[in-house]
Amino acid sequence: YPSMLSVFATVYVMIAVSTKYFIQDDIEPPTLKTRPDKWTDVFTAFPTILFGYQCMTNSCPVYANLKVKSGRNWCLLVLGTISICTSIYLPTAIFGYLTHGDNVASNILQSYD
């Protein structure tokens, strides 16, 4: 049940960030970058991407706890969890960036008062 608490907390952050974007006052629009300043800036995303794949270590215990261990059930589980994560993280990232632009903090919660 602690994992459900973290899912609800993440959904709360998504709702708060999205709501803040739509109800912001007369603030001048932030500057939005559409491409990196230098081509080497692309490599700054690699640690984040690699850190995201560290959840693979949890896949063996999760698969072991499936009631029906089949490839189909495993694929449904993986697709479901990726869909849930994408539907929560994508609006948070988009609306957080549209609200703060280049000034968004690495921790999205630090960007809000």
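Q: Buried means under 20% relative accessible area, exposed over 50% and partly exposed in between (1.4 Å probe, protein chains only); which residues of α1 are exposed?
A: Pro2, Leu5, Phe8, Tyr12, Phe22 and Ile23 are exposed in α1; helices are DSSP runs (H or I, at least four residues), numbered from the N terminus. This is a predicted model, in which local features need pLDDT of at least 70 and side-chain atom pairs count only at pLDDT 80 or more, while totals for chains, interfaces and linings use all residues. Residues are numbered from 1 along each chain as its sequence is written, and side-chain values use heavy atoms, without hydrogens and water.

Q: And which ones are buried there?
A: Val13, Met14, Val17 and Ser18 are buried in α1. Seen down the helix axis, the buried residues fall within an arc of 120° (taken from the directions from the axis to the C-beta atoms), so they line one face of α1.

Q: What do they pack against?
A: The buried residues of α1 pack against α4, residues 71–100, where contact means heavy atoms within 4.5 Å.

Q: Turning to aromatics, how many pairs are there?
A: There are six aromatic pairs, counting rings of Phe, Tyr and Trp (its six-membered ring) with centres within 6.5 Å; planes under 30 degrees apart are stacked, over 60 edge-to-face and the rest tilted. One of them joins tyrosine 21 and phenylalanine 22 edge-to-face, 5.1 Å centre to centre with 75° between the planes. Tyrosine 63 and tryptophan 74 also pair edge-to-face, at 5.5 Å and 85°.

Q: Where do tyrosine 63 and tryptophan 74 lie?
A: Tyrosine 63 is in helix α3 (residues 59–64) and tryptophan 74 in helix α4, so the pair ties together parts eleven residues apart in sequence.

Conventions. Helices (H or I, at least four residues) and strands (E, at least two) are DSSP runs, numbered from the N terminus.
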